[in-house]
Amino acid sequence: MLTIWGRRNSYNVQKALWAADELALDYRHIDAGGDAGLIDTAEFLAMNPHGRVPVIQDGENIVWESHSVVRYLAATYGRGTLWAEDPGERARAEQWMDWTVATLEREVLAIFWRLVRTPADMQDKKAIAMHVANSARCYALLDDWLAEREWLAGERFTMGDIPAGTTLYRYFEMEIDRPAIPNVRRWYARLSDRPAYQANVMRPFDELRGKLSF
Ligand SMILES: N[C@@H](CCC(=O)N[C@@H](CS)C(=O)NCC(=O)O)C(=O)O
């Protein structure tokens with residue numbers, strides 16, 4: 001049976017859980033990381049030497065790194081749905097996954113850490129403003145792309161929507177200025193209609209406020 005380790009309030013774990021639920025997979029979820037601990041045990045480090053969540057085990061396969069997990073689940077259980085068989089369509093999905101990890105989430109998570117995870121009296125307002133401006137530029141770019149298509153790879157929901165889509169709940173729920181990004185907002189509304197997105201990504205993050213310990 002598929003097992004997924006990782007706390008539900010983790011941005012990266014949410015991608016894995018969202019993908020698994022989109023595919024209607026039967027899996028066992030084990031809380032790990034944060035207050036649940038476990039990630040520094042010898043057993044966990046034998047699965048992921050980086051001591052980070054998410055981690056999945058599926059038969060003899062152990063996979064870590066959230067985008068590798070999403071790709072593995074899509075390739076194994078979502079051929080023709082999350083995993084586009086057409087190389088061009090799949091490349092469009094993958095380019096947005098790679099862009100998200102290399103560019104978008106660095107900015108959005110920097111805001112999240114500096115504004116939500118950092119206690120108010122320790123916050124660096126100048127740095128927050130810089131990451132807010134950089135994020136706005138990233139989403140403006142995404143907004144242009146979405147002007148001509150409903151989903152990131154084109155006409156249907158694929159794994160390509162998962163990483164960037166996971167940033168949206170936090171981005172729209174944080175107390176920051178945002179640019180007008182109507183196409184991103186429409187995409188967000190479409191994602192918000194999906195039960196797997198509601199269940200795994202649209203989770204209030206108040207319990208993480210002021211918490212720098214993990
Ligand atoms: N690049 C990795 C990052 C993994 C990562 O940093 N996970 C965080 C949670 S979002 C973690 O394990 N933090 C330690 C903890 O939760 O205790 C991925 O995409 O999976």
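Glu-65 is placed in the loop between strand S4 (61–64) and helix H3 (66–77), where helices (H or I, at least four residues) and strands (E, at least two) are DSSP runs numbered from the N terminus. The model is a predicted one, in which local features need pLDDT of at least 70 and side-chain atom pairs count only at pLDDT 80 or more, whereas totals for chains, interfaces and linings use all residues. Residues are numbered from 1 along each chain as its sequence is written, and side-chain values use heavy atoms, with hydrogens and water left out.

The phi angle of Glu-65 is near 80°, a positive value in a residue other than glycine. With a relative accessibility of 47%, Glu-65 counts as partly exposed, the classes being buried for under 20% relative accessible area, exposed for over 50% and partly exposed in between (1.4 Å probe, protein chains only). A positive phi, of about 55°, is also found at Ala-24, which is not a glycine. Ala-24 belongs to the loop between helix H1 (11–22) and strand S2 (27–30), and its relative accessibility of 68% makes it exposed. A further backbone feature is the cis peptide bond between Val-53 and Pro-54, with omega about 10°; Pro-54 is placed in the loop between helix H2 (42–47) and strand S3 (55–58).

Glu-65, Val-53 and Pro-54 are among the residues around the ligand, together with Arg-7, Ser-10, Asn-12, Gly-33, Gly-34, Ile-39, Arg-52, Ser-66 and Phe-214, a residue being included if one of its heavy atoms lies within 4 Å of the ligand. A polar side-chain atom of Arg-7 lies 2.8 Å from an oxygen atom of the ligand, an N or O atom in the side chain of Asn-12 is 3.3 Å from a ligand oxygen, and the corresponding distance for the side chain of Ser-66 is 2.6 Å. Taken alone, the ligand exposes 510 Å², of which the protein buries 80%; accessible areas come from the Shrake-Rupley method with a 1.4 Å probe, and for residues only the protein chains shown count as cover.

Turning to aromatic side chains, a search of the whole structure finds eleven aromatic pairs. Rings of Phe, Tyr and Trp (its six-membered ring) are taken to pair if their centres lie within 6.5 Å, with planes under 30 degrees apart counted as stacked, over 60 as edge-to-face and the rest as tilted. Trp-96 and Trp-145 form a tilted pair, at 5.3 Å centre to centre and with 55° between the planes. Because Trp-96 lies in helix H4 (residues 87–117) and Trp-145 in helix H5 (residues 125–145), this pair ties together parts that are 49 residues apart in sequence. Trp-96 is buried at 7% relative accessibility, whereas Trp-145 is partly exposed at 21%.

One aromatic cluster is formed by Trp-18, Tyr-139, Trp-151, Phe-157, Tyr-171, Phe-172, Tyr-188 and Tyr-197. The charged end of Arg-190 sits over the ring of Trp-151, 5.5 Å from its centre, and that of Arg-194 sits over the ring of Phe-157, 3.8 Å from its centre; the criterion is that NZ of Lys or CZ of Arg is within 6 Å of the ring centre and within 35 degrees of the ring normal.

Asn-200, in helix H8 (residues 195–200), is buried at 2% relative accessibility, and a polar atom of its side chain lies 2.9 Å from the backbone oxygen of Ala-196. Leaving aside neighbours within four places in sequence, Asn-200 is in contact (heavy atoms within 4.5 Å) with Arg-8, Gln-14, Leu-17, Trp-18 and Asp-21. Asn-183, in helix H7 (residues 182–192), is likewise buried, with a relative accessible area of 13%. The side chains of Asn-183 and Arg-186 are joined by a polar contact of 2.7 Å, and, residues up to four places away in sequence not being counted, Asn-183 touches Asp-143, Leu-146 and Ala-147. Pro-182, also in helix H7, is partly exposed, with a relative accessible area of 40%; Pro-182 and Asp-143 are 39 residues apart in sequence and 7.1 Å apart in space, C-alpha to C-alpha.

Terms used:
A polar contact is a pair of N or O atoms within 3.5 Å; within protein, one must be able to donate a hydrogen and the other to accept it, and residues adjacent in sequence count only if both atoms are side-chain atoms.
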